Structure formats: C-alpha cells, structure tokens
Amino acid sequence: KTQIAITYGTQEVIERRPTKLAKRSRSWSLEDKDFWEKFHISKSLLIKFGVEPIDYFWINEARYRCHTPSYVYNINGRYKVYRPFETEGKWYSNTSKDDIQGWEQLKDSGDIVFLASSLKDVMCLNVLGYEAIALQSEMQMPDRKLINELQERFQVVAVLYDNDFEKETNPGQTMANKICAEFNLINVILPAHYKSKDISDLMKDHGIEIGKRIVQI
C-alpha cells in the first residue's frame, strides 16, 4: 500500500484499528445556507464534495446529538464530523492519513493545483476556479509519489497553507516552507494585513475578488 504522507509536529496521525463512526443525515436548513454562504460555498458544491448536514452521530456505540449545525465529510467512505459552532469536540473522524480530501473530485489535468489546509479551503478554491486537495493534517509531509502524480497531471503545484500570523512560530507557514523546499513548489502566502489566516476566512472577510487576486499565480 502506498504511503501518502508522514507526519511532523504535535498533530501526529496515529495508525490504529478504524473507529466505527456513523451518522444520521438531516435536511438542509436556512442555518446551513447562512453558514456556508459566508464562504461563498453553495449547496451544490457541498454535495459535490460529500458534505452532509447531520443531527446525530455515533462513535462506536456512543450516540451524540448535534445541538448546533453540524456536518459530516464523506472521504473514501470514512467520515469526518465538523461542528463549527462548538468550542470543544469540533472535529471527530475515523479517517486515516491516506484519505486525501478532494482527491475524488480532482480533475484529470489542468493548469494549477493547490495543496490546501482543509476541505473548506479546497471548496473555496473551487469557487475561485482552481483545483485543490488537502491532507488530513497540515503537519503532514506529502509523499513524493503523490507530488509526482500531481506534477504529471498539472502544470503548476502550489501550496496554500494557513498564515498563522498571530503565532510567533507560524506553524502553517513553517510546514509550507518545508514542503516547498522538499519538492521545489510555489508557496502562496496570504498577506498578514488582511488578518485572515486561511483562504476561506479571507473570502468570508474580504470577498471573492480579493481571494482571486491573492491566489493568482
């Protein structure tokens, strides 16, 4: 089996027997529309990327009720639960480091593909007209075979990771620089003066046109 990524730093992905994670879907609501439209992400794009609204989810035999708008990402038949309005328990998943977000939706070829931080960023880049994927953690180093395949399919491979401008160590850009140095890729950095750490926040805070201007290569 091909290893997709290795991991650095504190967000280590530990291989273990997969956790059983199940969900109960619900209908889309106006609250969902209001949340995702802030990032200019439509319902049709959410469906394309396997995002569903849920009202319950199960981890092994334990059931959890969603008291705030919550979602599940379907990635290779495994799930990542996203509860954006929760301060604790925001994320749960039974995905592995080999599950690449956006891979199934990636075009066969094109001009540019981005390695992004999250599925939300992947969808925002799709809104801007770009192809993108995201690993399970921003702290993972992609495998050379993965980068080689992207370079065979796309003319340019670029990294668009978080600009953690408020943190002295800036972990997003530290990892982006490691990846770009290892594979000789382009690093696209969001200017700190926008005070938006990722492309989804930038589009929420400043709109689509600023997003297009920043990521244009």
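Me: Two strands pair if DSSP finds at least two bridges between them. In what order do the five strands form the open sheet?
Reply: The model is predicted: local features need pLDDT of at least 70, side-chain atom pairs count only at pLDDT 80 or more, and totals for chains, interfaces and linings use all residues. Residues are numbered from 1 along each chain as its sequence is written, and side-chain values use heavy atoms, with hydrogens and water left out. Helices (H or I, at least four residues) and strands (E, at least two) are DSSP runs, numbered from the N terminus. The pairing in the sheet is antiparallel, and the order is E2-E3-E4-E5-E6.

Me: Which strands of this sheet stand at the edges?
Reply: An edge strand here has a single partner strand, so one side is left without a neighbour in the sheet. That applies to E2 (21–25) and E6 (91–93).

Me: What is the bridge partner of Asn 74 in E5?
Reply: Strand E4 (residues 62–75) and strand E5 (residues 78–82) run antiparallel. Five bridges join them. In E5, Asn 74 is partnered by Tyr 79.

Me: Which residue forms a salt bridge with Asp 55?
Reply: A salt bridge puts a side-chain nitrogen of Lys or Arg within 4 Å of a carboxyl oxygen of Asp or Glu. Here the closest N and O atoms are 2.9 Å apart. Asp 55 lies in strand E3 and its partner in strand E2, so the pair ties together parts that are 31 residues apart in sequence. The partner is Arg 24.

Me: Is Asp 55 buried or exposed?
Reply: Buried means under 20% relative accessible area, exposed over 50%, and partly exposed in between (1.4 Å probe, protein chains only). Arg 24, at 42%, is partly exposed. Asp 55 has a relative accessible area of 19%, so the class is buried.

Me: Which residue meets Glu 37 in a salt bridge?
Reply: The distance is 3.2 Å, N to O. Glu 37 is partly exposed at 43%. The partner is Lys 33.

Me: At what angle do helix H6 and helix H7 pack?
Reply: H6 covers residues 199–206 and H7 residues 208–215, with their axes 7 Å apart. Axes are lines fitted to C-alpha atoms, for helices over the stretch in contact, and angles run from 0 to 180 degrees between N-to-C directions. The angle is about 140 degrees.
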